[in-house]
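Please read it alongside the model shown here.

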Amino acid sequence: MLQELSHMDRITQLQDEIQQILVIMSRTVAYLTTRVNFLQVSPEVPVTKQRKPDKFDTPEVFEANKKELVTDLVTKAKQIEFLINSLPEPEPEETQARRLQALEAEMTIANQEYVRAVSRAKDLHSQISDVLKTMLVQDDADLLEIARGTA
C-alpha cells in the first residue's frame with residue numbers, strides 16, 4: 001500500500017511538472033510574440049508595422065532571454081523525463097485481471113455483509129419499536145386506571 005502511495009505521489013508530481021512546463025511554454029510564446037520588433041523576412045513581404053522602442057527588447061537582450069527560456073524548458077523537460085522513468089513498469093494484463101477479480105470477490109463479500117447488517121439493523125429497529133409501543137400502551141392503561149380511581 002505504501003508503495004502504491006509513493007507511485008501516486010510521483011504521478012501527482014508528474015502532473016504538477018507537466019502543468020509547470022505548459023505555463024513556461026505559454027509564457028515563452030507570449031514573450032516571443034510581444035517583446036520582439038517586426039522584421040522583414042522576405043523581400044516580397046514588407047513590414048507594415050513597427051513597435052515603439054519601449055515595447056520590444058534589444059536584440060542582445062532578446063537573445064539572452066531566448067536562451068534562458070530554452071534552458072528553463074529543457075530543465076523542466078528533463079525533470080519530467082526523470083519522473084516518467086521513476087514510475088514502475090505497468091503490470092502485465094493477466095496480473096491486473098487476477099487482481100481485479102480478487103477485488104471483485106472481496107467487494108461481493110463486503111456487499112453481502114452490508115446487506116446482512118442492514119437487515120439486522122431493520123430487525124433490531126422493529127423490535128425496539130414494538131417494545132416502545134408496548135411500554136406506551138401499558139403506561140396509557142396505567143394512567144387510565146389511576147384517573148378512574150381518583151374520579
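Helices are DSSP runs of H or I with at least four residues, strands are runs of E with at least two, and both are numbered from the N terminus. The model is predicted, so that local features need pLDDT of at least 70 and side-chain atom pairs count only at pLDDT 80 or more, while totals for chains, interfaces and linings use all residues. Residues are numbered from 1 along each chain as its sequence is written, and side-chain values use heavy atoms, with hydrogens and water left out.

**Salt bridges**
- The structure holds four salt bridges, each defined as a side-chain nitrogen of Lys or Arg within 4 Å of a carboxyl oxygen of Asp or Glu.
- Lys 76 and Glu 17 meet in one of them at 2.8 Å, N to O, linking helix H2 (residues 59-86) to helix H1 across 59 residues.
- Both Lys 76 and Glu 17 are buried, where buried means under 20% relative accessible area, exposed over 50%, and partly exposed in between (1.4 Å probe, protein chains only).
- Lys 66 forms another with Glu 63, the closest N and O atoms being 2.8 Å apart, and the two are separated by about one helical turn because they lie three residues apart in helix H2.

**Helix positions**
- Val 131 lies in helix H3 (residues 93-150) and is partly exposed, with a relative accessible area of 47%.
- Thr 28, in helix H1 (residues 2-34), is buried at 9% relative accessible area.
- Leaving aside neighbours within four places in sequence, Thr 28 is in contact with Leu 69 and Leu 73, contact meaning heavy atoms within 4.5 Å.
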